[in-house]
Amino acid sequence: MDELVDILDASGNPTGRTCLKSEAHFKGLFHSTVHVWFYTDKEQLLFQQRSKDKDTFPSLWDVSVAGHIGAGEEITLAAVREVEEEIGLSVKPPSLEKIGIFKSVHQHSSILKDCEFHHTYICELKTSIDGLILQESEVDNLKLVSIKDFKERVAQNRMDGFVPHKKSYYLEVLDAISKKLKT
């Protein structure tokens, strides 16, 4: 779905301009997204498999929930909205813990360049994944992966099948979750 997004400068500051997400991707304009990483008390991470029909990283495993922040939309409310849309889970803003903002640039093709600032949250998943409802246009599947196994995968640069986020990004997310779990 194409939507209006706020345009940022290369340092993440608002420019006062908006445009359609498709135009931002075509021109390589910076804009904001939300990432929500769900973890369980059994030391697992929830991953979503991106739809095979996505323009970017089709069928790869990625952050539990991710999406664009609409123009003028409050960031935490965008995270709540995206969680509801993508996996059918209602969360309250206080359950989301913001761990940082991460700059990301991916040149997917000559006409698609993602220049984004990911506002990244962690949240404990307190329900079974069997009860989650997938947004068919965005998510093909969900799975839980042991934090220990994923840490080893990241440490060994064995990221085949996963979206190629920066290693430092994955490590910061894992560190924040480990602190919550005290592992």
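The structure holds zero disulfides, a disulfide being a pair of cysteine sulfur atoms within 2.5 Å. This is a predicted model, in which local features need pLDDT of at least 70, side-chain atom pairs count only at pLDDT 80 or more, and totals for chains, interfaces and linings use all residues. Residues are numbered from 1 along each chain as its sequence is written, and side-chain values use heavy atoms, leaving out hydrogens and water.

**Cysteines**
- The closest cysteine sulfur to that of cysteine 115 is in cysteine 19, 11 Å away, which is too far for a bond.
- Cysteine 115 counts as buried at 2% relative accessibility, where buried means under 20% relative accessible area (1.4 Å probe, protein chains only).
- Cysteine 123 is also buried, with a relative accessible area of 3%.

**Nonpolar cores**
- A nonpolar core is a set of buried Ala, Val, Leu, Ile, Met, Phe, Trp, Tyr and Cys residues joined through side-chain atoms within 4.5 Å.
- The largest has 23 residues, and those touching the most other members include Trp37, Phe47 and Phe150.
- Six residues of this core come from α4, the largest share.
- Phenylalanine 47 touches residues including Trp61, Asp62 and Phe162, not counting residues up to four places away in sequence; contact means heavy atoms within 4.5 Å.

**Glutamate 86**
- Glutamate 86 lies in helix α2 (residues 75-87); helices are DSSP runs of H or I, at least four residues, numbered from the N terminus.
- Glutamate 86 is buried yet has no salt bridge (a side-chain nitrogen of Lys or Arg within 4 Å of a carboxyl oxygen of Asp or Glu).

Terms used:
Buried means under 20% relative accessible area, exposed over 50%, partly exposed in between (1.4 Å probe, protein chains only). Helices (H or I, at least four residues) and strands (E, at least two) are DSSP runs, numbered from the N terminus. Lys and Arg count as positive and Asp and Glu as negative; His and the chain ends are not counted.
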